[in-house]
Amino acid sequence: DLWGWNHEGSGRSFALMGRSTGTAFVEVTDPVAPVYLGSLPGRGASSPWRDIKVIDDHAVIVSEAAAHGMQVFDLTELLSVASPPTTFSETTHYSEFGNAHNIVVNKNAGAVYAVGTATCQGGLHVVDMTDPTSPSFAGCFGSDGYTHDAQCVTYAGPDVEHQGRHVCFASNEDTLTIVDLTDPADPTQISRTTYAGSAYTHQGWLSEDHATFFLDDELDEWNQQINTRTYVWDVSNLDAPTVTGYHDGPTPSIDHNMYVAGRYLYQANYRSGLRVVEVLDAGTAQLEEVAHFDTFPLGNGPGFNGAWSVYPWFDDGVVAVSDIERGLFVLRFEPAAHHVHNLADRSRERTFHDRWRARVRIAVRDRSHDPVAGAVVTGRFGKSRVRSCTTNELGRCSVSVLAGDPRKRIPFEVSSVT
C-alpha cells in the first residue's frame, strides 16, 4: 500500500510505500528527482499486504504477517538523513493484535483503527494515539464481523443528528456499515446496507462535504464481466444510505483503492493504472474520466496486477501511485483549462426517409467547475464531418450529423475549444 507525508515546517514531501519486507521512504519534494531515503524492516515473515497511514507526524504500519502488530515510526527522522539509503528502526510498537489487513486514522479523534485482525471479530480495533509514542487499546466494534477497509471521520455532513460524532464508514465485504465510535468503549452501529451487484465490498471514500460516499467493489468486474464500476452513495442520512447510481469506466480492469481530493476521484485500478474521474453531479451519479496513466501497459483485463494504491494530497498536483510489479510512480495531474463534457452518451432523432440525426450535447467548464459561455467547441464526427458550436450562458451547446443506420455509433472527437 501507499501513503504520503507533507512536513509543514519545511515544505518537504515524502511517499511511504509498503513492500513485502517493510516500508520504503522516498522524498518527492522534487517530483522529477525522487530520493530513496531508506526503509523500515517489518516484523515477522514477508507479506504482500502492508498498510501505512499517518497521524501527528508518525507513520502507523500494519501487515498481514502473523505477529506483526502495529509499528509506529517518527517521520521527522526523515528530515535529517545524511547518507541515504539507511535502515530505520521503529519508534514504538503496539502488540494487542498480530496481523491486520488495514489501518485507518481519525486525527480529530486521536485514534487509529486496525481492521481485519484476529481480534474484535475482524472489525474495528481502536487504538488511542493521543500520545503516538505510547499507543493503548481503546475499544472494539465487531458485531458486523470482518471489516476490509474503512474511512473514519469527525462527521461534518448534512445529517444533523450525527454532526460532530466520530463515525466510521466500513467496507464489510457485502455492505457499507456505518458506526459511531465517539465512545470506542461503547460503539453504536448506525446502519448496515448492502446493494445490487455486490461481490466484494472493498473500499471507499467520502466527498469532502461528507454527503456522498464513493465505493469500489473489488470482484464485480471479475464475477460479472463488467467495466470498472464506481458506486455512488447518498449518505446525507446515515441511518438510511442509498445508492444513487454508478459510473462505469472505459476498461474492464478491477478497481482497488480510491481517494477523493476536491471534485476528483483518484483511482488505482490494477491493470489500467491510475484513473482520474471528475464528479460532475454526485446527486445524479454523473462522473466522467478526465485523465489516466497506465502503470501496467500489458493489458486492461480483470486481474490482480498493476496499480495498488494512490496518494493525491501532495502539493502542485503531484500524485504518487504504487504498482505491484513496477514500484513507485510520481506523477502530476494538471486539470485542463476547459473541460468538455458529453451530457448524454447517445442521442438519435428520426428526420425523414429513414435518416437519423445523431446529436452530442456538450458542456464546457473552467478549472473552478464554473460554466464557460461563448466557448467555441470544434470537432468531427467520424473521420471527416467537422462540426462546431458556441456555448450559451449555461456553458452548453450541441452538434449533430445526419446518419443512415440508427444502430451505428458515430464518435465525436473534440479538436479545439477557443
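Start with His148. At 7% relative accessibility, His148 counts as buried, because buried means under 20% relative accessible area, with exposed over 50% and partly exposed in between, using a 1.4 Å probe and protein chains only.

Before going on, the ground rules. This is a predicted model: local features need pLDDT of at least 70, side-chain atom pairs count only at pLDDT 80 or more, and totals for chains, interfaces and linings use all residues. Residues are numbered from 1 along each chain as its sequence is written, and side-chain values use heavy atoms, with hydrogens and water left out.

Back to His148. Where is His148 found? It sits in the loop between strand 13 (136-141) and strand 14 (149-154). Strands here are DSSP runs of E, at least two residues, and helices are runs of H or I, at least four residues, all numbered from the N terminus.

Which side chains does the side chain of His148 meet in polar contacts? One is Tyr146, at 3.3 Å. Another is Tyr200, at 3.1 Å. A polar contact is a pair of N or O atoms within 3.5 Å; within protein, one must be able to donate a hydrogen and the other to accept it, and residues adjacent in sequence count only if both atoms are side-chain atoms. Leave aside neighbours within four places in sequence, and the contacts of His148 include His101, Asn102, Thr201 and His202. Contact means heavy atoms within 4.5 Å.

Next, His125. This one is in strand 12 (residues 124-128). At 2% relative accessibility, His125 counts as buried. The side chain of His125 makes a 2.8 Å polar contact with the side chain of Tyr94. The side chain of Thr119 is also a polar partner of His125, at 2.8 Å. Beyond four places in sequence, His125 touches Glu96, Phe97, Cys120 and Phe137, among others.

Now strand 24 (residues 274-281). Seven of its eight residues are buried, so strand 24 is largely enclosed by the rest of the structure. Strand 23 (residues 264-268) pairs with strand 24 in the antiparallel sense over five bridges. Two strands pair if DSSP finds at least two bridges between them. Leu265 has Val277 of strand 24 as its bridge partner.

On to strand 25 (residues 286-293). Strand 24 pairs with strand 25 over seven bridges, again antiparallel. Val279 stands opposite Leu287 there. Four residues separate strands 24 and 25 in their hairpin, and Ala285 in the turn has a positive phi of about 55 degrees.

Three strands form an open sheet in the order 26-27-28, with antiparallel pairing. Strand 26 (307-311) and strand 28 (327-332) stand at the edges with a single partner strand each, so one side of each is left without a neighbour in the sheet. Strand 27 (residues 318-323) pairs with strand 28 over six bridges. Val319 stands opposite Leu331 in strand 28.

Last, Tyr266. Leaving aside neighbours within four places, the contacts of Tyr266 include Leu274, Val276, Val310, Val319 and Phe333. Which residues touch the most other members of the largest nonpolar core? Of its 48 residues, they are Leu16, Leu75, Leu78 and Tyr266. A nonpolar core is a set of buried Ala, Val, Leu, Ile, Met, Phe, Trp, Tyr and Cys residues joined through side-chain atoms within 4.5 Å.
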